[in-house]
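Hi,

Here is the structure I promised to pass on. Have a look at it first, and my notes follow below.

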Amino acid sequence: MEDFVYFFSFQDPNVAMVVAGITLLSISAAMVGTFTFLDKKALLGDAISHAVLPGVCLAFMFAGSKNPYWIVLGAFITGAVSTYAIEWISRSTKLKEDTVIAAVLSVFFGIGILLFTQLQQTGDAALSGLDHFLFGNAISIVYEDLMVYGILALLVIVCLLVFYKEFKLIIFNPGYAQSVGLPVKRLKLLFNTLLVMAVVTGIQAIGVVLMAALLITPPAAARFWSDRLKIILLLAVIFAVLSGIAGAYISFAVPHMPTGPWVVMAISFIAFASFFFAGKKGILSKWYNQRNYQQKIHRDHLLKSLYQVRERNAAPLGKADILELFPGKEKETKRFISKLKKEGQIEEKSNHLLLTPTGLVEAKRVVRLHRLWELYLAQYLNLAPDHVHDMAEKMEHLLTPELEAKLDASLDYPTQDPHHSKIPRDHDL
Amino acid sequence: MTFDPNAFLIILTGTLIAISCGLLGSFLILRNMAMIGDAISHAVLPGIVLAFFFSGQREGIAIIIGAGLLGILATIIIDYLSTKVKLQNDASIGVTFTWLFAIGIILITVFAGQIDLDQDCVLYGEIAYIPLDLIVTENNTILGPRVLWIAVINVILVLLYVGFMYKELKLTSFDKQFAQTIGFSTGFINLSLMGMVSYTTVSSFEAVGAILVLALLVVPPATAYILTKKLKPMLLLTILIGFLTSLVGYYLAYFIDGSIAGAMASVSGLFLLAAILYVTIQKRSIGKGIIMPAELKR
């Protein structure tokens with residue numbers, strides 16, 4: 001708890017600096033990531049983040065110590081080479097893009113590991129810092145690092161905001177972008193540069209192995225809350241910053257704990273919560289809507305069957321007869337009978353279930369929609385009368401009063417469906 | 001050059017691992033599932049760590065089961081996210097494996113000191129120590145390096161699997177609809193392949209680590225795929241490239257004093273590069289060889 005207060009009061013300038021750094025890099029990663037995610041290239045970010053490792057190691061070899069300028073330069077170069085390699089191999093061979101991404105990712109990472117272990121063998125004391133580039137260590141950020149990574153992240157953010165409209169167009173409609181005269185190729189090059197830069201800014205705090213998560217997961221979570229790019233961007237940024245700070249705090253509070261994995265844990269938690277509980281697209285609300293719809297279908301069918309008995313002047317149905325009509329759904333049917341009774345749509349008289357006047361109106365509506373749709377299919381689509389029932393069976397639950405009015409008008413207020421059954425109206429008996 | 005038994009053992013183990021990975025990887029890339037291989041190789045980590053922690057031993061069936069379960073779980077989560085949750089496929093893969101891998105790394109850090117596993121081992125394995133880690137029976141007979149035996153068992157099982165399922169794998173890889181129509185259970189074949197990939201990843205884990213296994217899964221088959229058009233030559237070529245990767249990789253690592261697994265991945269990349277250049281140059285010379293009829297030129 002003391003740690004918690006100490007960390008979040010930012011009284012320690014080092015803590016404030018770490019938080020500032022991780023906030024900036026989370027923002028830039030989430031923003032770039034949102035565009036790559038929507039462009040369906042999420043895994044490219046994974047490849048680049050693995051591919052910066054050889055660059056980091058080479059920078060160590062040249063500079064002989066942990067120097068942020070060299071590291072950023074080295075990481076940037078191998079990251080850029082890897083994106084170019086992916087593009088070149090996909091273009092010049094018959095290999096599929098995901099195979100190419102996997103191959104480039106693993107080969108670059110292999111080269112990185114080869115250099116990394118070679119550096120370890122030489123046993124340089126300054127190498128203790130090199131380890132941090134694998135899984136990240138936000139706490140090891142010093143002022144000089146913040147200047148380099150922070151300014152780079154800021155640059156990425158500003159570039160994305162300046163070219164927001166262009167990037168949006170290229171992702172959603174590249175053909176149109178080309179036709180209105182945008183320099184698509186150059187903009188794509190710029191975007192790839194920003195992507196590599198965003199990865200590079202994250203390597204010290206998050207690490208090369210898990211940097212991809214900060215690009216992929218925030219937009220994946222944000223996508224479930226909105227269909228609008230601006231809101232998705234904003235949410236992705238918020239999610240990324242929250243998890244970035246959470247990861248930094250944990251590696252501050254627990255000694256020797258790498259930052260990267262905890263950032264990933266936090267962002268994954270937000271993502272899974274979004275997948276399940278998000279407003280319209282979450283699993284839970286989808287499941288709820290589906291259940292509601294199925295219940296409505298069942299209720300409509302129940303009312304319809306009662307109406308049809310009445311229409312044929314057959315003997316009224318008892319509870320047992322109705323249960324028989326819907327085999328395998330006895331439990332739901334019973335529940336609906338009591339529910340409809342409570343709503344005053346049906347009543348039970350001497351063991352027979354009958355529609356009340358309100359129930360009759362509702363039942364008529366369902367039957368009317370069914371028959372109107374059958375007639376519509378027969379007249380406008382020239383379907384044979386024996387082909388229209390199944391489709392109408394679905395549409396009867398979906399037609400709104402507005403559509404009903406239109407349908408009625410275009411069919412000229414018909415009285416009979418294609419099977420010569422009467423189309424029931426409210427004022428009929 | 002004199003015969004170095006240690007080098008021989010390491011190259012042999014590396015070759016066996018490269019063959020197991022390459023054979024399964026061939027089918028992965030034919031099914032456009034290379035990144036699923038990436039996901040599985042990351043995702044087995046928590047399974048390995050937990051099984052290691054609870055069984056208390058490095059070898060043994062517990063780790064293989066633990067990791068195998070995690071590998072299959074990862075494919076199920078990815079499938080669930082992309083079909084039920086309707087998250088786009090690449091993001092489903094990315095979200096799932098980074099999450100599972102992060103859990104694995106956290107577990108390793110938490111259990112540090114209690115288990116003999118560290119982050120380095122996860123990243124690039126310890127193939128160089130193979131000759132030191134021997135199986136010794138009760139009456140002191142030395143049966144050879146433990147990791148070599150694991151690799152031998154793995155390669156035998158992979159060969160049996162590919163041998164028995166060859167027709168099924170081939171058909172479901174090239175024409176899934178047709179395979180389904182004639183009554184193959186594509187779901188089961190897919191899951192069995194994922195299971196084999198998980199098992200091979202774990203079995204190779206000690207030697208090459210969780211991430212570099214991907215290089216052996218994807219790169220030699222991709223190289224072979226560029227060079228040939230038929231499945232059988234592709235598999236044979238994959239085996240040959242696997243052997244060469246192990247051989248050259250060992251000497252490269254020896255020469256610059258680095259990780260052998262890293263060197264193998266680098267060398268496999270070189271072979272891929274050579275194959276791409278070869279094909280590109282060949283294409284160009286074929287292009288030049290065509291003599292355009294005069295009337296078409298105009």
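**What I found**

Chain A is divided into domain 1 (2-279) and domain 2 (282-429), with bounds that come from an automatic or database domain assignment. Please keep in mind that this is a predicted model, in which local features need pLDDT of at least 70, side-chain atom pairs count only at pLDDT 80 or more, and totals for chains, interfaces and linings use all residues. Residues are numbered from 1 along each chain as its sequence is written, chains are lettered from A and ligands numbered from 1 in the order in which they are written, and side-chain values use heavy atoms, with hydrogens and water left out.

Back to the two domains of chain A: their C-alpha centres lie 56 Å apart. Seven residues of domain 1 of chain A are in contact (heavy atoms within 4.5 Å) with four of domain 2 of chain A. Together these domains bury about 370 Å², 57% of it on carbon and sulfur atoms; buried area here is the accessible area (1.4 Å probe) that two parts lose on being put together, summed over both. The side of domain 1 of chain A that touches domain 2 of chain A has five nonpolar, two polar and no charged residues. In that classing, Ala, Val, Leu, Ile, Met, Phe, Trp, Tyr, Cys and Pro count as nonpolar, Asp, Glu, Lys and Arg as charged, and the others, Gly among them, as polar.

Now for the two chains. Between chain A and chain B, about 4900 Å² is buried, 77% of it on carbon and sulfur atoms. The contact involves 54 residues of chain A and 60 residues of chain B. There are zero salt bridges between chain A and chain B, taking a salt bridge as a side-chain nitrogen of Lys or Arg within 4 Å of a carboxyl oxygen of Asp or Glu. By class, the side of chain A that touches chain B has 34 nonpolar, 13 polar and seven charged residues.

On chain B, the unreviewed UniProt entry lists transmembrane regions that include residues 36-54 and 234-254; such annotations may be inferred rather than shown by experiment. Residues 36-54 of chain B are 100% helix (DSSP runs of H or I, at least four residues) and 0% strand (E, at least two), and the end C-alpha atoms of this span lie 28 Å apart. Residues 234-254 of chain B are likewise 100% helix and 0% strand, with end C-alpha atoms 30 Å apart.

Best wishes
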